[in-house]
Amino acid sequence: MNYVSLCFLALFLLPLGSFHTDSKRLPPLPVPPFNIPQAEICRYLGLDYRSINLPALYVFGDSFIDAGNNNYLDTTSKANYAPYGIDFGGVATGRPTNGRTVVDFIAQVVGLPFPPPVMGLSGSQRKITTGLNYGSSSGGILPLPSSLAPIFGHVLSFDEQIQLFNHTVSNLKGQFHSLESFDSYMSSSLFFVHIGGNDLALYRELGKLHEELFSVKKYTLLLSNELYSRLEAMYELGARKFVVNNAFPFGCQPVNLHQKTNDTSFLEDMNERAALFNGRLHKILRKLNKSLKGSTFVLFDMYKLFEDVLAQPATYGKQCMHAQTIIYFLPLKFNKFNLQYKTIPMSLNVGFTNINDSCCIDVAGDQSRTCLPSSVPCADRKSHVFFDPFHPSESIHFLWFRRLFQDNLLDLIQS
């Protein structure tokens, strides 16, 4: 049985229903050049940049959106060396991919600088009003398990990221002429959250976090409750517009496909954890949206994104299959007072020829570690789903970004 078959068994054996609806199709579109100006990328995407007004972009989460915070921490979880960044102007910034991340593309479209890593700024530099990145590779909703601390060192948990944001709020208030103007700035800014994957995979699998105390169902309930309280804390600090991403199918990462070649049950278990968490995430976001006055929580379905890509990697502008979709709530239409959720079939805009392997040679040579320093990655990076055994390529990040805008992220920004 090949890797693809193993991954699809893990994806499709989960007993959850499927939805079939029509959708506007995305035309094929390659990743735009690195230094493309706002007007150019908006024209490239068919958007009117003059109608976009976002004062700031604040980013929280893990390695998928880390812009280099771990460079300044005592941790082994770093990507500040070649070949990382090969398509980011040739600079290894600490982003664990070959080029830009989803939040970098958002920043380019809305005309903001890439949100800089907060840990790389001095106290005065942290007073910028265009947004900051608090994300930390290997960070999670919960603190790093003590059993993993000797391996990974210090990474920023979600609590630590929110504490840093609290300091940001305190520093910024003095730059506005009134509390009302500051509140208006905060309520107009966008807060992007991608977190939980390490709790579900790394912490649970390698760190054995709460394995003896909680079943998988109870563990995902714990995580969702902990996430709820932290999103509430961000709201109390002034955040109002949230984009929260769910978990993707970890069983389909190269590290798991290559290390568990014949262990279908393991891959099923990995993907089931993500599916259970995603179901709970949908519920807490609906609850938060109802209970926190003036807030908007938009859920983006990462699981479905990967499911579609893995189902038909080479598809250009064709409707993808919907065999046993895992998560069936997706933000399609935004309304100021209510969010309507439904799944939509996805039109792939990138032809992927490799969905199983890392683009770079990893340290161990068996797709179980991060990229080997100074190694030469694959030449066809745009056609790889994963750049290293754990992290998506720039092409997937661009697809993620485009899907967000297809799902009316622009309406959220402009509200």
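F60 is buried, and F165 is buried too. Buried means under 20% relative accessible area, exposed means over 50%, and partly exposed lies in between, with a 1.4 Å probe and protein chains only. The model is a predicted one: local features need pLDDT of at least 70, side-chain atom pairs count only at pLDDT 80 or more, and totals for chains, interfaces and linings use all residues. Residues are numbered from 1 along each chain as its sequence is written, and side-chain values use heavy atoms, with hydrogens and water left out.

Start with the rings. A search of the whole structure finds 28 aromatic pairs. F60 and F165 form an aromatic pair of the edge-to-face kind, 5.6 Å centre to centre with 90° between the planes. This pair links distant parts of the chain: F60 lies in strand β1 (residues 57-61), F165 in helix α5 (residues 158-173), and 105 residues separate them. Rings of Phe, Tyr and Trp (its six-membered ring) pair if their centres lie within 6.5 Å; planes under 30 degrees apart count as stacked, over 60 as edge-to-face and the rest as tilted. Helices (H or I, at least four residues) and strands (E, at least two) are DSSP runs, numbered from the N terminus. Ring pairs also join Y58, F60, Y134, F158, F165, F191, F242 and F297 into a cluster.

Helix α5 also holds T168. T168 is buried, with a relative accessible area of 3%. Leaving aside neighbours within four places in sequence, T168 is in contact (heavy atoms within 4.5 Å) with Y58, R126, L132 and Y134.

Now turn to helix α3 (residues 102-110). Nine of its nine residues are buried, so α3 is largely enclosed by the rest of the structure. What covers these buried residues includes α2 (38-45), β1, β2 (190-194), α12 (394-406) and α13 (409-414). After α3 comes G111, whose phi is positive, near 80°.

The axes of helix α7 (residues 197-206) and helix α8 (residues 216-236) come within 11 Å and cross at roughly 125°. Axes are lines fitted to C-alpha atoms, for helices over the stretch in contact, and angles run from 0 to 180 degrees between N-to-C directions. α7 and α8 are therefore oblique to each other. Angles under 35 degrees count as roughly parallel, over 145 as roughly antiparallel, 65 to 115 as roughly perpendicular and the rest as oblique. The crossing of α7 and α8 is right-handed. A crossing is right-handed if the near helix is turned clockwise from the far one by less than a right angle, and left-handed if anticlockwise. D199, L200, Y203 and R204 of α7 make the contact with V216, Y219, T220 and L223 of α8.

Helix α8 also meets helix α10 (residues 264-291): their axes come within 9 Å and cross at roughly 35°. This crossing is right-handed. Among the residues of α8 that take part are V216, L223 and Y228, and those of α10 include R273, F277 and K287. The charged end of K287 sits over the ring of Y228, 5.1 Å from its centre. A charge sits over a ring if NZ of Lys or CZ of Arg is within 6 Å of the ring centre and within 35 degrees of the ring normal. R240 does this with Y235: its charged end is 3.8 Å from the ring centre.

E272 is found in α10. E272 is partly exposed, with a relative accessible area of 33%. Its C-alpha atom is separated by 8.9 Å from that of V216, 56 residues apart along the chain.
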